[in-house]
Amino acid sequence: MPFPPFVIILAVIAAIALLVALSRFSKNYIKVPPNAVAIFSGRKHKLPDNGVVGYRMVRGGAAFRWPLLEQVDYLSLNVFTIPLEIKRAYTLKGVPISVKAVANVKIKGDDMSLAAAAERFLGMTHDTIQKVIFQTLEGHLRSILGTLTVEEVNSDRASFAQKLTSEAALDLERMGIGVDVLTIQDISDEEGYLDALGKKRTAEVKRDGTIGEAEATRDAKIKSAQAMQEGEK
């Protein structure tokens, strides 16, 4: 027995309504990859410390966005590679040097850091965020160079990089940024100071070698003479 026309029409309408509802739900069911955090803003949320904020954060997972009430923005948790190149920065004794370094930094994954980064970087482009981090590292790099001699900078680059990381860490943490690694790639100067240090060190090594050889020859002769005397006795 065929269905009445109005039943068929109701079934078609119900199917269309179901498809529309599923489409709307799918559109507002936000999936967040593990290398990003989604910021749902527009509705108030209570924090564990009883504070209230106008957003919620979802890192790696999925959540439903309430249409008309919430908007979604994203922060990348990928590593930022920050090239640093400082030219003619003055050291402790007034010698200008140039430094090339590279830093790998990223937004930290804890709630406090994510909130700090969201307040400062949400809506910014990757290049703008990179520029802010670069300016922070550059300022600390110039400041630290002013407290060290060229010899100290050049002789222990790992220690110099660690000091820069430690000095910049506090300011970066306020922005929710952590430093994975910072490497000093090159140190140079236009005055020939580093070349002079190298030549001086080479001369010192040659001098020490000559002195060492002479002392060894002297000691051998003394021992030989002592042996001959013992033999005569």
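Helices (H or I, at least four residues) and strands (E, at least two) are DSSP runs, numbered from the N terminus. With that in hand, the protein is found to hold 6 helices and 6 strands, arranged along the sequence in the pattern α-β-β-β-β-β-α-α-α-α-β-α. The model is a predicted one, in which local features need pLDDT of at least 70 and side-chain atom pairs count only at pLDDT 80 or more, while totals for chains, interfaces and linings use all residues. Residues are numbered from 1 along each chain as its sequence is written, and side-chain values use heavy atoms, with hydrogens and water left out.

Accessible areas come from the Shrake-Rupley method with a 1.4 Å probe, and for residues only the protein chains shown count as cover. By this method the protein has an accessible surface of about 15100 Å², and carbon and sulfur atoms account for 58% of that surface. Residues can then be sorted: buried means under 20% relative accessible area, exposed means over 50%, and partly exposed lies in between (1.4 Å probe, protein chains only). Of the 233 residues in the protein, 29% are buried. Contact means heavy atoms within 4.5 Å. Among contacts between residues at least 6 apart in sequence, 68% join residues at least 24 apart.

The interior comes next. A nonpolar core is a set of buried Ala, Val, Leu, Ile, Met, Phe, Trp, Tyr and Cys residues joined through side-chain atoms within 4.5 Å. The largest such core has 39 residues, and Leu137 and Phe160 touch the most other members. Two or more residues of this core come from each of β1 (29–46), β4 (80–90), β5, α2, α3 (126–145), α4 (150–155), α5 (157–174) and β6 (177–188). Leaving out residues up to four places away in sequence, Leu137 touches Ile82, Leu84, Ala103, Leu164, Ala168, Leu172 and Leu182. Another core, of 7 residues, lies apart from the largest one and includes Val32, Ala38, Phe40 and Ala63.

Helix α2 (residues 111–121) deserves a look of its own. Its buried residues are Ser113, Leu114, Ala115, Ala116, Ala117, Ala118 and Phe121. After α2 comes Gly123, with a positive phi near 95 degrees.

Ser98 sits in strand β5 (residues 96–107) and counts as buried because its relative accessibility is 16%. A polar atom of the Ser98 side chain lies 3.3 Å from the backbone nitrogen of Arg88. Beyond its neighbours within four places in sequence, Ser98 is in contact with Ile86, Lys87, Arg88, Asp186, Ile187 and Ser188. Pro33, in strand β1, is partly exposed at 36% relative accessibility. Although Pro33 and Ser76 are 43 residues apart along the chain, their C-alpha atoms are separated by 9.7 Å.

Side chains of opposite charge can pair when their charged atoms come close. A salt bridge is a side-chain nitrogen of Lys or Arg within 4 Å of a carboxyl oxygen of Asp or Glu, and the whole structure contains 4 of them. One joins Glu70 and Arg43, with an N to O distance of 3.7 Å. This pair links distant parts of the chain, 27 residues apart, with Glu70 in the loop between β2 and β3 and Arg43 in strand β1. Glu70 is buried, at 4% relative accessibility, whereas Arg43 is partly exposed, at 28%.

A further salt bridge pairs Arg120 with Glu119, their closest N and O atoms being 4.0 Å apart. Here Arg120 is partly exposed at 36% relative accessibility, and Glu119 is exposed at 63%. In the bridge between Arg174 and Asp171, the closest N and O atoms are 2.6 Å apart. These two residues are separated by about one helical turn because they are 3 residues apart in helix α5. Arg174 is partly exposed at 46% relative accessibility, and Asp171 is partly exposed at 29%. Through salt bridges that share partners, Arg43, Arg56 and Glu70 are joined into one network.

The last feature is a surface patch. Patches are made of residues with over 30% relative accessible area and no salt bridge, with like charges joined within 9 Å and nonpolar side chains (Val, Leu, Ile, Met, Phe, Trp, Tyr) within 5 Å. Trp66, Leu68 and Leu69 make up a nonpolar patch of this kind, with about 400 Å² of accessible area together. Trp66 belongs to the loop between β2 (52–64) and β3 (71–76) and is partly exposed, with a relative accessible area of 43%.

Conventions:
A polar contact is a pair of N or O atoms within 3.5 Å; within protein, one must be able to donate a hydrogen and the other to accept it, and residues adjacent in sequence count only if both atoms are side-chain atoms.
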